[in-house]
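This report describes selected features of one protein model. It covers sheets, helix packing, the ligand shell and backbone features.

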Amino acid sequence: MRGNTDETRDRAASVLESNRRDGYTIPSATLYPFQWNWDSAFVAVGLARTDPEAAKREIRTLLDSQWRNGMVPQIAFWSDAGGYFPGPEEWGISADRTGGTVRTSGITQPPMVVPAARHAYDLTGDEAFRDAVLPALRDHCEWWRTERSDDGELVWVRHPWATGMDDSPAWRAPLERFDPGDVEYVREDRKDENFAAQRPTDWDYDRYVALVRQGRALDWDEERLRRESPFVVEDVLTNALYVRACESLSALFADAGDDEAAAEWDAQATATRRALRERRWDDELGLYVSYDLVSDEPLSVPSVAGLLPTLAGAPDDHQRERLRETLSEFLAYDYAAPSYVGPDVDYDRYWRGPVWQNVNWLLERGLRRVGFDEEAARVREDSVSLIRSAGFREYFNPETGAGRGSDRFSWSAALYLDWTA
Ligand code: 2M8
């Protein structure tokens, strides 16, 4: 894999360096000027290969933004950079909720921070780091289980932004079901015409903003939001990563000699894994699907998220064989793996079809876990070759390999460093 990659590795390291701020890395200088939750976790995975101190710092800074109740927010506004909407005023989160260290948004993102912390620990063996982050990681997993689960098994989110796959077709049904009213705001994310065709539509944005305003109007009261929000979804990707988070937490506790805590989090991983297998499988589509807790129905769409419970070791023998068939649809492109393969796929628009490096990184690991080594190797090769030919773009067209979205994108650079280490 290394071959002539050194020059690309150097460029990857320099992308991360130029996106680095004080103790954290922004996803992109042109679009996202703050610290994002799962972006930082993926950045730490790559940095652990080249600059372990920066990797550990990245994770610690992210955990410094943790709310008192254990939530790790989607965005930490460490600076007053402009050019992004919605900023801290729009979210209106009070300091008694956050702990007052930094202003944040009012939602979370998939709990990649826990596996990333484990990865950084495994590569460095730094016990002081392990012991320093363990309490915050435990509080975060505990928060998911107590505040974000109806049954103690599957966890839910209450905003499409919290899933990381903002405009995934999976969210269309719940978003269609509510009227956002007359929401006024100014988007900052469409830098030019070209870019507009690669970003979520206004229809989607109206609903994103309406959900933020509802949260603020209810003063981010979780119980009321659970009852009144029109968007409450058990997302399969978040749940797959929650299993990984609980497994990672268990391993870190075991390593620290706390067998009781290790057993507790292993049991939680087992419960969520089993719930994915038994309750979120769609045999017709041949993958796992998210669930709408408001309308009480599955969100049956062929999103790549539905392959990621492999990462949690969820499939039984039958599901594994069906998944092999489904996978062939996702691999029937020049570049694996599109984020969505339904009839209304849009290869250039955000989470409606393009290939994303972070998803490929998770998918590769998931496929290896269930023994699909050849398919995993294909995902990895395509990821590396996309970056070599199109650069560190935010996402890529699966048919042409053309780069899309912003350039010098941090997780694309970071995961390249991990892939080619
Ligand atoms: C995208 O989401 C943000 C909101 O969080 C946005 O569009 O403004 C998504 O791709 C998300 O997964 C990612 O974490 C974020 C920053 O890269 O951008």
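## Basis and sheets

Two strands pair if DSSP finds at least two bridges between them. Helices (H or I, at least four residues) and strands (E, at least two) are DSSP runs, numbered from the N terminus. This is a predicted model, in which local features need pLDDT of at least 70 and side-chain atom pairs count only at pLDDT 80 or more, while totals for chains, interfaces and linings use all residues. Residue numbers start from 1 along each chain as its sequence is written.

Three strands in the order S1-S2-S3 form an open sheet with antiparallel pairing. Its edges are strand S1 (35–36) and strand S3 (103–104), each of which pairs on one side only. S1 is joined to strand S2 (residues 75–77) by two bridges, and the two strands run antiparallel. Across this pairing, Trp36 stands opposite Ile75 in S2.

Another open sheet of three strands has the order S4-S7-S8, again with antiparallel pairing. Here the edge strands, each pairing on one side only, are strand S4 (233–234) and strand S8 (297–299). Two bridges connect S4 with strand S7 (residues 290–292) in the antiparallel sense. Glu234 has Tyr291 in S7 as its bridge partner.

## Ligand shell

Which residues surround the ligand? They are Pro27, Tyr32, Trp36, Trp38, Asp39, Gln74, Trp161, Gly164, Asp166 and Asp189. A residue is near a molecule or strand if its C-beta atom, placed from the backbone, lies within 6 Å of it.

By class, the shell holds five nonpolar, two polar and three charged residues. Ala, Val, Leu, Ile, Met, Phe, Trp, Tyr, Cys and Pro count as nonpolar, Asp, Glu, Lys and Arg as charged, and the others, Gly among them, as polar. Trp36 of this shell is also the residue that stands opposite Ile75 in S2.

Two packed helices are described by the angle between their axes and the distance between the axes. Axes are lines fitted to C-alpha atoms, for helices over the stretch in contact, and angles run from 0 to 180 degrees between N-to-C directions. Angles under 35 degrees count as roughly parallel, over 145 as roughly antiparallel, 65 to 115 as roughly perpendicular and the rest as oblique. A crossing is left-handed if the near helix is turned anticlockwise from the far one by less than a right angle, and right-handed if clockwise. Two residues are in contact if their C-beta atoms, placed from the backbone, lie within 7 Å.

Helix H17 (residues 373–390) packs on helix H18 (residues 410–419) at an angle of about 125 degrees, and their axes are 10 Å apart. H17 is therefore oblique to H18. Their crossing is left-handed. H17 contributes Arg380, Ser383, Val384 and Ile387 to the contact, and H18 contributes Ser412, Tyr416 and Trp419. These comprise four nonpolar, two polar and one charged residues.

Helix H1 (residues 6–18) also packs with H18, at an angle of about 140 degrees and with the axes 9 Å apart. This angle makes H1 oblique to H18. The crossing of H1 and H18 is left-handed. On the H1 side the contact consists of Thr8, Arg9, Ala12, Ala13, Val15 and Leu16, which meet Ser410, Ala413, Ala414, Tyr416 and Leu417 in H18. The class count for the contact of H1 with H18 is eight nonpolar, two polar and one charged. Tyr416 takes part in the contact with H17 and in the contact with H1.

## Packing of H3 and H6

Helix H3 (residues 52–64) and helix H6 (residues 113–124) have axes that come within 10 Å and cross at roughly 150 degrees. The two helices are therefore roughly antiparallel to each other. The crossing of H3 and H6 is left-handed.

From H3, the residues Pro52, Ala55, Lys56, Ile59 and Leu62 meet Val113, Ala116, Ala117, Ala120, Leu123 and Thr124 in H6. This contact divides into nine nonpolar, one polar and one charged residues.

## Backbone features in loops

The peptide bond between Phe85 and Pro86 is cis, with omega about 0 degrees. Pro86 is in the loop between S2 and helix H4 (88–91). A cis peptide bond also runs from Ala336 to Ala337, with omega near -10 degrees. Ala337 lies in the loop between helix H15 (317–330) and helix H16 (357–369).

Trp220 is not a glycine, yet its phi is positive, at about 55 degrees. The loop that holds Trp220 is between helix H11 (202–217) and helix H12 (222–228).
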